[in-house]
Amino acid sequence: MIEIKDKADCCGCTACASVCAHGAITMKPDAMGFLYPVVDRSKCVDCGLCDKVCAFNDNYDTDLNLPKPDAYAARHKDMHEVETSRSGAAFIAMSDYVLENGGVVYGAGYTDHFRVVHKRATTREERDEFKGSKYVQSDMNTVFRQVKKDLKDGLIVMFSGTPCQTAGLNSYVGRRLREHLILVDIVCHGVPGPNLWRDYIAYLEKKQGDKICWVNFRDKQAFGWKAHRETFKFVNGGG
Ligand SMILES: Cc1cc2nc3c(=O)[nH]c(=O)nc-3n(C[C@H](O)[C@H](O)[C@H](O)COP(=O)(O)OP(=O)(O)OC[C@H]3O[C@@H](n4cnc5c(N)ncnc54)[C@H](O)[C@@H]3O)c2cc1C
Ligand code: SF4
Ligand code: SF4
């Protein structure tokens, strides 16, 4: 049974909660809003699956690792895509391919006034919400289970997230279903806490006396490639 003794040993990926067939694991936020698994011992049957699936487990399956990785650099041909993505818009090019082939794409979007969550997209319009880095831990909710269902239904699935999230999903999906799963992990230095982001939005809205209606964690069109500045628009035109 999973037990988080050191927070550094858990990224909140939800693989353990998703694999538990007894509904014994709930993801609960700490003071910063980071999600951690909590086990209801009365429901746990001690099967050990949650420990096994965790990518922080010493026996994590690394059979997909190449002995020597192949490295390529790429940038989208369409400069509009580059300008509206955080880096070179490789994510857009790859996800376009998946959507054109009838697949589904999972990535980080928003819900409930800019809370960052992972979502499923089957069209370019839905997928475009995932463009751009959101520098906050994304809530997976039940996405891992949805990915597995899509794979079982024979769909091509592309999942884009942080390296620890993709590692957790890879382990949860297992060898048998991996053939049609495309994992895209972003270069990542770590994720800030969701409550910091929530409180910052509340602070800005109080200061401005207005509601935020648009955010961009790094607006390349306004500030170029080098600046790392959040941009906000308010309902009544402030920004
Ligand atoms: C938390 C975080 C830390 C980063 N740290 C670095 C770094 O140290 N060095 C560096 O060079 N680049 C960093 N980046 C930038 C990132 O590597 C680029 O955005 C990435 O290379 C994709 O570029 P793109 O232009 O193809 O797509 P983009 O449009 O920039 O990115 C879109 C993709 O990022 C995913 N994504 C966005 N926010 C999140 C999130 N909160 N959690 C999970 N997935 C998310 C979306 O699902 C989508 O697939 C970071 C991004 C994030 C979100
Ligand atoms: S599977 Fe994911 S959420 Fe569960 S303990 Fe491991 S890292 Fe944390
Ligand atoms: S040991 Fe099995 S039953 Fe108990 S929490 Fe983990 S997966 Fe669920």
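Which backbone N or O atom lies 3.3 Å from an oxygen atom of ligand 1? In this predicted model, that atom belongs to Gly-88. Two further backbone N or O atoms approach the ligand, that of Ala-108 lying 2.9 Å from an oxygen atom of ligand 1 and that of Lys-134 lying 2.6 Å from a nitrogen atom of ligand 1. Taken alone, ligand 1 exposes 890 Å², of which the protein buries 85%.

The shell around ligand 1 comprises 28 residues, with Arg-86, Gly-132, Lys-134, Ser-160 and Val-187 the closest. By class, this shell divides into eleven nonpolar, 14 polar and three charged residues, and helix 4, strand 3 and strand 5 each contribute at least two of its members.

The space that ligand 1 takes is the largest pocket, which holds about 1,400 Å³ and is lined by 49 residues, with Gly-161, Val-184, Asp-185, Ile-186 and Val-187 lying nearest its centre. Two or more lining residues come from each of helix 4 (90-100), strand 3 (104-111), strand 5 (157-161), helix 7 (163-173) and strand 6 (181-185). The lining of this pocket consists of 22 nonpolar, 19 polar and eight charged residues.

Ligand 3, by contrast, sits in the largest cavity. The residues around ligand 3 include Cys-20, Cys-44, Cys-47 and Cys-50, together with His-22 and Asp-46, and the shell as a whole has nine nonpolar, two polar and one charged residues.

Note on methods:
Residues numbered from 1 in each chain as written. Chains lettered and ligands numbered in written order. Predicted model: local features only at pLDDT ≥ 70, side-chain atom pairs only at ≥ 80, totals over all residues. Heavy atoms only, no water. 1 Å grid on protein atoms, 1.4 Å probe; cavity = no way out; pocket = protein on both sides within 12 Å on 5 of 7 lines; lining within 4 Å. Points joined across faces, edges and corners; volume = space filled by probe spheres on them. Helix = DSSP H or I, 4+ residues; strand = E, 2+ residues; numbered from the N terminus. Nonpolar A, V, L, I, M, F, W, Y, C, P; charged D, E, K, R; others polar. Near = heavy atom within 4 Å. Sits in = over half its atoms within 2 Å of the grid points. Polar contact = N/O pair within 3.5 Å; in protein donor to acceptor, adjacent residues only side chain to side chain. Areas by Shrake-Rupley, 256 points an atom, 1.4 Å probe, with all protein chains shown as cover.
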